[in-house]
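Subject: Handover of a structure and its findings

Dear colleague,

Please find below the structure that I am handing over to you. My notes on what was found in it follow directly after.

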Amino acid sequence: MEELHSETQQTEPEPAPKIIGLTGGIGSGKTTVAHFIEEFGFPVYYSDDRAKSIVNESEELKIKIKELLGEGSYDENGWYDRKFVADKVFNNKDLLQQLNEIIHPAVRIDFDNWVSQQSKYLVFKETALLFELKLNRQCYKSLLVTAEDNIRIKRVMDRDNKTYREVEAVMEKQMPERDKIKMADCIIYNNTNLEELKEQTEKVIFSIE
């Protein structure tokens, strides 16, 4: 006689997706790689973009940021004034750290909620500060997009209409590429063209087990 199975029998829960931290310095091509990853069918959480939204959505964050940096942190319409804030923290590491301590926990909660809605076995967290904020410790693997300094500078000069020195000043504030390369689990070198970059991206992400 066949066993009868209860209709209420519990099914095995789906395994949690593996989180891959995606990072790269200014001009590296990190965002382009993120778009390729989406083309290959994997979801990408854009931490930097979400942070820009969250600072406008959260009244609690607005109060804390104004207390830290002043009323000028938001314009007359209540929108986050990125230039004002950037000018305040650019040469002040302590202020920048305090600002990060306000914003990043809120982004973390938002990210966790996002992950809970995903069904793919890999999800990617795009963030410029993966290693600086030690967010790689919360990831299954870290993926670095990098390129030679002169190539990165030229890209940003062309893209943002900035001078060589302006771009160089931003790069000097970021963690050196050699340090990121030592810490990364996977590396994509973006020194040639988009076709090569896409091929590298495909090879790397489908090799992650």
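A disulfide is taken here as a pair of cysteine sulfur atoms within 2.5 Å. By this rule, the structure has zero disulfides. Please note that this is a predicted model, in which local features need pLDDT of at least 70 and side-chain atom pairs count only at pLDDT 80 or more, while totals for chains, interfaces and linings use all residues. Residues are numbered from 1 along each chain as its sequence is written, and side-chain values use heavy atoms, with hydrogens and water left out.

Cysteines

C139 is in no disulfide, and the nearest cysteine sulfur, that of C186, is 11 Å away. C139 counts as buried at 13% relative accessibility, where buried means under 20% relative accessible area, exposed over 50% and partly exposed in between (1.4 Å probe, protein chains only). C186 is likewise in no disulfide, and C186 is buried with a relative accessible area of 15%.

Nonpolar cores

A nonpolar core is a set of buried Ala, Val, Leu, Ile, Met, Phe, Trp, Tyr and Cys residues joined through side-chain atoms within 4.5 Å. The largest such core has 28 residues, and those with the most contacts inside it are V55, I65, L69, Y80, L99 and I103. At least two residues of this core come from each of helix 2 (47-57), helix 3 (59-69), helix 4 (82-89) and helix 5 (93-115). Helices are DSSP runs (H or I, at least four residues), numbered from the N terminus. Helix 5 supplies the largest share of the core, nine residues. A second, separate core of 19 residues includes Y46, L197, V204 and I208.

Helix packing

Helix 2 and helix 3 pack at an angle of about 90°, with their axes 6 Å apart. Axes are lines fitted to C-alpha atoms over the stretch in contact, and angles run from 0 to 180 degrees between N-to-C directions. The two helices are therefore roughly perpendicular to each other, as angles under 35 degrees count as roughly parallel, over 145 as roughly antiparallel, 65 to 115 as roughly perpendicular and the rest as oblique. In this pair, I54, V55, N56 and E57 of helix 2 meet E59, L61, K62 and I65 of helix 3, contact meaning heavy atoms within 4.5 Å.

Helix 6 (residues 149-160) and helix 7 (residues 164-173) pack at about 120°, with their axes 9 Å apart. Helix 6 and helix 7 are therefore oblique to each other.

Yours sincerely
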